[in-house]
Amino acid sequence: MSTNTDPAAVRPPRAGARTLAVTSGKGGVGKTFVTANLAAALAARGQKVLVLDADLGLANLDVVLFAISLAQDVLVVATPEPTSLTDAYATIKVLATQQERRHVGLLVNQANRVGEGKLICGQLQQVLQRFVGPAPGQGFKLELLGEVRADPAVRQAVLKRQLMLENYPGCDAAQAIKALATKLLG
Ligand SMILES: Nc1ncnc2c1ncn2[C@@H]1O[C@H](COP(=O)(O)OP(=O)(O)OP(=O)(O)O)[C@@H](O)[C@H]1O
Ligand SMILES: [Mg+2]
């Protein structure tokens, strides 16, 4: 294992492979739920998927950020709760400023109503614009990649320690995760 924390010094992923970091500001917003079920949805579409839990439990933000810096794409998971949104905003700001990312994906989880994700994404994008600048070619884009409604099936699957996608393939949340997979595959 290399101790060099310069992202440029790390070998890039094999051609054809894509890396996506799933992160959030606040904990407990649904990263594990989204990642596990998204991996299953991608696998169902014939993709080879490797899931790596990079939460090393070191309570060191620089290490949790270094892991993200290695990924090609980032998906930030947030819920409509004010604390989650504040923390998501802080995370995205770091990704845009320190990591100089010009594109970050957003998944609004546990949405209370249809359209809440779009509203939240617009609000975050507006605030972020102040820090990263709206100049042409340099503008920052926060792209809404999905909206998953609060769905009792999620908790049921967690209690069974099984994938929601396999247990409740027709539920609203499962449909939203499948739509996210489709969007990611372009
Ligand atoms: N769309 C949803 N509808 C209903 N409940 C949900 C939904 N998404 C997540 N949950 C609930 O939130 C709980 C926390 O989700 P999860 O463990 O995936 O969060 P996490 O971000 O990985 O947490 P941590 O930061 O601790 O790793 C789940 O056990 C589940 O019960
Ligand atoms: Mg988790």
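Which residues in α4 are buried?

Modeller: Happy to! This is a predicted model, in which local features need pLDDT of at least 70 and side-chain atom pairs count only at pLDDT 80 or more, while totals for chains, interfaces and linings use all residues. Residues are numbered from 1 along each chain as its sequence is written, and chains are lettered from A and ligands numbered from 1 in the order in which they are written.

In α4, the buried residues are Gly-117, Ile-120, Cys-121, Leu-124, Leu-128 and Val-132. Buried means that 20 or more other C-beta atoms, placed from the backbone, lie within 10 Å of the residue's own; with 12 or fewer it is exposed, and in between partly exposed. Helices (H or I, at least four residues) and strands (E, at least two) are DSSP runs, numbered from the N terminus.

The cover over these buried residues includes α3 (82–97), β3 (103–111) and β4 (141–149). Contact here means C-beta atoms, placed from the backbone, within 7 Å.

Now for the length of α4 (residues 116–132): its 17 residues should span 24 Å at 1.5 Å a residue, which agrees with end C-alpha atoms 24 Å apart. The expected span is 1.5 Å times one less than the number of residues.

Buried residues are 31% of its 186 residues. Among contacts between residues at least 6 apart in sequence, 71% join residues at least 24 apart.

How values were computed. Contact = placed C-beta atoms within 7 Å.
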